[in-house]
Each structure stands twice: as structure tokens, then as C-alpha cells.
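Dear colleague,

I am handing over the structure we spoke about, and my notes on what was found in it follow directly below. Please read them with the structure open beside you.

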Amino acid sequence: MTRAKPIGTGDPVVILTGAGISKESGLDTFRDAGGVWTRIRLEDVATPEAFARDPDRVHGFYNARRRTLADPAVQPNAAHAALVRLEREWPGPVLLVTQNVDDLHERAGSRHLIHMHGELGRVRCLSCDAGRAWAGDLSVDTPCPGCGEAGGMRPDVVWFGEMPRAMDEIEAALAGCRLFVSIGTSGTVYPAAAFVHQALDAGALTIELNLEPGQVSDLFGIRRHGPATVLVPEFVEELLSTRALADR
Ligand code: APR
């Protein structure tokens, strides 16, 4: 049954993306078939304890992901581009919160963007805490360009057990949004998986765009399943042209 739900022109929109939006650009997801965590134990490469125990292994994991992201074949896709169109054409605030550490949203043109899990293209020095853009490999021997210390340079990503970034800004945006859109995420990792609760508490319309139902799919008012490069451009066109979203 099709019931169009109106969205006020200019109403604030919050979008959450996960690895699924980058899948059709050639980057791996984590938990669905063939995903990263089905091949590698996250406890070995994505925790502070893993970095303390075996920094070479952690550097090797992130160096490989940096090299993959640098492959010219890895480009933003139609879903990334559709979110840029929405940011540019929607007559209200659009905040894009991504769990992804790739830079495909920026490369597509998104500007109002938060990387809540950090960025693969940045590193931080544990000695002087300086962060900086970094495209090449990193090792325990890499000296910090700032303080010169070696051994303390780490990927500037949020590991399991660490605090995600900009949570105050994200929660304030969720408290005031009228539309919350979750794209390409399994809804298994918190706090991102709880954003839909906060949006519902704010009275927002919630929509899940994902290849398959995620862990918290039942909480969403509208659920559409399929590839992001099909669903996201369709969703943006529907919202911009009708100012409403319909169940399918
Ligand atoms: N289009 C849309 N969705 C897709 C596509 C696609 N082409 N391909 C896969 N998906 C969906 C999958 O069905 C899955 O639900 O994307 C989701 C990816 O889920 P995960 O692999 O769990 O990735 P994500 O939700 O981003 O993980 C969250 O966990 O490991 C940590 O820090 C990591 O940011 C990551 C976080």
C-alpha cells in the first residue's frame, strides 16, 4: 500500500551511511558475505589492544586498505552523488554522518559530513597527538613529521572500544531532525545502530535503504531493499520532487 508521508520543505535531514554505500565502488563491507570480519578477526587489527600487542599487523591491515582506496578504479558511485545532490538542492539542513573511513563522500562533493569512525586517509601521533592527512604506508619506524618521534604513529580511525567522533553534534542533529535515512549499514554497531531510536523520539520519519533488512530494520517507518546505486538516487529524486516519501 502506498501512503505518502509528507516532509516539510526545509525540514532538517540526517543521513547515516555504512560500508554498503561504498560496496559498488569496490570497497569491502564487514559483515555480509565476503566481508572483512568474515576473513580477519577484528580483535587482531581493530582494537587498541591489538595495536599494542602487534602494531606491525595493524599497520599492515590499514596499509592494505589505504592502497585499495588509492586504486583509480575506486571512485564515488551514484549513491554518493545522489547525496551530494540532496545536500545542494534540499532547502534545509542535511547532515551526513558516515561510519565509513573512506573518502568517497568527500570526493563526490559532500561537505556537511562527519566521519564518526575516523578517516583512513589520516594518521595521529600518540607522542604529540598531532593528526594529519596521510596517503602512504605507515610502520612502527615512521617518524612523526611533527615531533620526530617514531613508533607512535597510528591510523586516525576509531577502534572498537574507543569513542566515536562528534557524538554531541550528531545527537543534537538527531534531536531536531524530521527525516532520518540509514543507508548501507547492518545496524549492528553502536552507537550508530541506536540513531534510529533518537530520530523516532524526535518524531522524525525514518527510512532504511539497504541491500537487505538490517538488525534494527523493524524500527524504520519505511524500508526499501536493494543496491544503494538504485535506491539512493530514486529516494533523492522522490524527496526533491514530491517533498514526500511513500511506503512501497
Ligand atoms: N547497497 C546497499 N547496501 C549494501 C550493498 C549495496 N550494494 N552491499 C551491501 N550492503 C549492505 C549489507 O546488506 C549490510 O547490511 O551494507 C551493510 C554493511 O554492513 P556492515 O558490513 O556491518 O558494515 P557497517 O554497517 O558499515 O559496519 C559498521 O562496524 O566494523 C565496524 O567500523 C566498522 O564502520 C564499521 C561499522
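The shell around the ligand divides into eight nonpolar, ten polar and five charged residues, and please bear in mind throughout that this is a predicted model. In total 23 residues surround the ligand, and the closest are Phe30, Arg31, Trp37, Thr185 and Ser186.

For Ser186, an N or O atom in the side chain is 2.6 Å from an oxygen atom of the ligand, while for Trp37 a polar side-chain atom lies 2.7 Å from a ligand oxygen atom, and for Arg31 the corresponding separation between a polar side-chain atom and an oxygen atom of the ligand is 2.8 Å. The ligand has 730 Å² of accessible area on its own, and the protein covers 95% of that area.

Thr185, which is among the closest residues to the ligand, sits in the loop between β8 (179-183) and α8 (195-201). Is Thr185 buried or exposed? Its relative accessibility is 12%, and because the cut-off for buried is under 20%, Thr185 counts as buried. Leaving out residues up to four places away in sequence, Thr185 touches Leu16, Gly18, Gln99 and Asn210.

Turning to the helix α4, which covers residues 55-70, I compared its length with expectation: its 16 residues, at 1.5 Å a residue, should span 22 Å, and the end C-alpha atoms are 22 Å apart, which agrees. The buried residues of α4 are Val58, His59, Phe61, Tyr62, Asn63, Arg66 and Leu69. An α-helix has 3.6 residues a turn, so residues three or four places apart point the same way. As for what the buried residues of α4 pack against, their partners are the helices α2 (42-45), α3 (48-53) and α6 (104-108), together with the strands β5 (118-125) and β7 (153-157).

Strand β7, one of those partners, contains Asp156, and Asp156 is buried, with a relative accessible area of 9%. The side chain of Asp156 is joined to that of Arg124 by a polar contact of 3.4 Å. Setting aside neighbours within four places in sequence, Asp156 is in contact with Gly118, Glu119, Arg122, Val123, Arg124 and Arg165.

With kind regards

Key:
Residues numbered from 1 in each chain as written. Predicted model: local features only at pLDDT ≥ 70, side-chain atom pairs only at ≥ 80, totals over all residues. Heavy atoms only, no water. Helix = DSSP H or I, 4+ residues; strand = E, 2+ residues; numbered from the N terminus. Expected span 1.5 Å × (residues − 1). Buried < 20%, exposed > 50% of the residue type's maximum accessible area, 1.4 Å probe, protein only. Contact = heavy atoms within 4.5 Å. Near = heavy atom within 4 Å. Polar contact = N/O pair within 3.5 Å; in protein donor to acceptor, adjacent residues only side chain to side chain. Areas by Shrake-Rupley, 256 points an atom, 1.4 Å probe, with all protein chains shown as cover. Nonpolar A, V, L, I, M, F, W, Y, C, P; charged D, E, K, R; others polar.
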